[in-house]
Amino acid sequence: MLEEKQLQKRTGNLVFKNAWDYDPAPESSGHIQLRETYDLFINGEFTAPEEGRYFATTNPASEQKIADVAEATKPDIDKAVQAARNAYNKTWGKLSGRERGKYIYRIARMLQERAREFAIIESMDGGKPIRESRDADIPLVAAYFFYYAGWADKLQYAVPGVEPKPYGVAGQIIPWNFPMLMAAWKIAPALATGNTVVIKSAETTPLTAYKLAEIIQDAGLPPGTVNIVSGAGETGAEIVNHPDIDKIAFTGSTDVGKLIQKSLAGTKKGYTLELGGKAANIVFEDAALDQAVEGIVNGIFFNQGHVCCAGSRLLVQEGVADKVYHKLKDRIETLIVGDPLDKNTDIGAINSKSQLERINHFIEKGLEEGGEMHQSSAEVPSNGYWCKPTLFRNVSQSHSIVQSEIFGPVLAIQTFRTPKEAVEKANNTPYGLSGGIWTDKGSKIFQMGQNLRAGVVWANTFNKFDPTSPFGGYKESGIGREGGLHGLLPYLKIN
Ligand code: NAI
Ligand code: MG
């Protein structure tokens, strides 16, 4: 029988007698087929790296190595770009939109068939809970491929009056927080518009991209249409600076985004940058508070806070501030931190040791600067990288944890009195990717939505994605949009 405190932990405010702890319910990874070594996927074949260098990718929940992965250097990027150029000139670039669409639909269907395998590998390599990779990431990946497959033969309606032409070869660099989803956001519109691709996965999460390479092979895409490489920043820079690449798409940190923008200044390359964020969830007194608390929890603790549009700040109207804080405290006490493959897990492993260090650095800074911290009493495994859900009160605009993108499960809580003050505080950041409004009044939603300087503003919900909807930032959160009709435009030459 559980102690009362444990009972409370499992059930929130309600204490049921005779309740029990959940048994572990781990997803089996026994049937997952992974190679010991992954080579680069160039010109339709897995190809050993020219300089013979490999690096390990580990499981952040166990710190165990999963596989060795090739590190692409300049000669490999040259080969990959050459393969993409050939495919653009001779095969993929010559296909009609209708034919391209067929291939992209095929990829989408094959992804659906192998969804479970992809979800498990995503969770093993990156640390995110299986519930998220299974219910959010991978279904969305298929949805984005389906959506853009539908555009392939309708591009003349995307840009009426102009004959849309592809750029040519697209160089794409993706982060570790949504490895497959970011690959889909980049590859699907590029293919729909007739471009060919050289894409680099992030150094801690290369595996699902290579699984996607298997699907691309099986789907019979002309060799060279999609080339997939792995490596760290230097490999990324080789893509950015390659003279035969026509367009760059990057998702990652604002610091690297700025570097890329500098490298591209004065070149003819087109680019889109999807960078950091510091979104505020704004909760008014008239909001449905329990729903708001669920939204806040989803907004910052979802995927360990490794989300560029995470609701990492909470602005709550003074009259309900204490109430919301206590509800949040109760709610985070029920969150289960642990094995990403366990279906009960709410918060998985932090993606890497260095990311955990970065989060801990900000937590220490928050304390040094006088913030009042509360962490849940969750038990965390002894191996692996973990961070308990963390709340900070008594913080103001100048505090680092209010200003900086932490990319972890850390929520900075502030209060406001009037809508005007909420807008001022919400906008007082170098970023502008997303925001959330919680209120009973439609008029407030419109008023706030117009004044928030953010690419996406959710109302009475958070972190909702749909392939038809454009996504991207204001200010230092980036340039250009991905998703929806808008996401086609960066892959087309339209003037
Ligand atoms: P990062 O920006 O270094 O990595 C993202 C991708 O860019 C990776 O594939 C990496 O290999 C590549 N890259 C790194 N340097 C490059 C360069 N000079 N040229 C071309 N490509 C390069 O991000 P990192 O270091 O993994 O994370 C640090 C912080 O960045 C996080 O704590 C978070 O705040 C932020 N971040 C934001 C993301 C977002 O979705 N907006 C995604 C990942 C990180
Ligand atoms: Mg890994």
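## Ligand 1 and its pocket

Ligand 1 sits in the largest pocket of this structure, which is a predicted model. The elements that contribute two or more residues to the shell around ligand 1 are α9 (233–240), β10 (247–251), α10 (254–264) and α13 (353–368). Of these elements, α9 supplies the largest share of the shell, with 3 residues. The shell as a whole counts 26 residues around ligand 1, and those that come nearest are W176, E203, S253, R358 and E405.

Several polar approaches to the oxygen atoms of ligand 1 can be described. A polar atom in the side chain of W176 is placed 2.6 Å from an oxygen atom of ligand 1, and an N or O atom in the side chain of S253 is likewise 2.6 Å from an oxygen atom of the ligand. In the case of I174 the backbone takes part, with an N or O atom that lies 2.8 Å from an oxygen atom of ligand 1. Taken alone, ligand 1 exposes 800 Å², and the protein buries 86% of that area.

## The magnesium site

Which protein atoms are the donors of the magnesium ion (ligand 2)? They are OG1 of T57, the O atom of T58, both O and OD of D125, and the O atom of T204, and they lie 2.2 to 2.6 Å from the ion. Read along the chain, these donors follow the spacing T-T-x66-D-x78-T. Distant parts of the chain are linked in this way, since T57 belongs to strand β4 (residues 54–59) and D125 to helix α4 (residues 115–126), 68 residues apart.

Are T57 and D125, two residues of this site, buried or exposed? T57 has a relative accessible area of 0% and is therefore buried, as the limit for that class is under 20%. D125 also counts as buried, because its relative accessibility is 2%.

Q112 is found in helix α3 (residues 97–113). With a relative accessibility of 46%, Q112 counts as partly exposed, because that value falls between the limits of 20% and 50%. The C-alpha atom of Q112 is separated by 7.3 Å from that of P139, although the two residues are 27 residues apart along the chain.

## Loop residues

E63, which is not a glycine, has a positive phi of about 65°, and its place is in the loop between β4 and β5 (64–70). The relative accessible area of E63 is 39%, so this residue is partly exposed. K475 is another residue other than glycine with a positive phi, in this case near 50°. K475 lies in the loop between β18 (456–459) and β19 (478–479), and its relative accessibility of 34% means that K475 counts as partly exposed.

A further loop, the one between β14 (372–375) and β15 (390–393), is the place of E379. Is E379 buried or exposed? E379 is exposed, because its relative accessible area of 65% is over 50%, the limit for that class. Along the chain E379 and L140 are 239 residues apart, and their C-alpha atoms are separated by 31 Å.

Notes
Residues are numbered from 1 along each chain as its sequence is written. Chains are lettered from A and ligands numbered from 1 in the order in which they are written. This is a predicted model: local features need pLDDT of at least 70, side-chain atom pairs count only at pLDDT 80 or more; totals for chains, interfaces and linings use all residues. Side-chain values use heavy atoms; hydrogens and water are left out. Donors are N, O and S atoms within 2.8 Å of the metal (3.2 Å for Na, K and Ca); water is not among the atoms, so sites may look incomplete. Helices (H or I, at least four residues) and strands (E, at least two) are DSSP runs, numbered from the N terminus. Buried means under 20% relative accessible area, exposed over 50%, partly exposed in between (1.4 Å probe, protein chains only). A residue is near a molecule or strand if one of its heavy atoms lies within 4 Å of it. A polar contact is a pair of N or O atoms within 3.5 Å; within protein, one must be able to donate a hydrogen and the other to accept it, and residues adjacent in sequence count only if both atoms are side-chain atoms. Accessible areas come from the Shrake-Rupley method with a 1.4 Å probe; for residues, only the protein chains shown count as cover. On a 1 Å grid over the protein atoms alone, a cavity is a set of points where a 1.4 Å probe fits but cannot get out, and a pocket is an open set with protein on both sides within 12 Å along at least five of seven lines; lining residues have an atom within 4 Å of a point. A molecule sits in a cavity or pocket if more than half of its atoms lie within 2 Å of its grid points.
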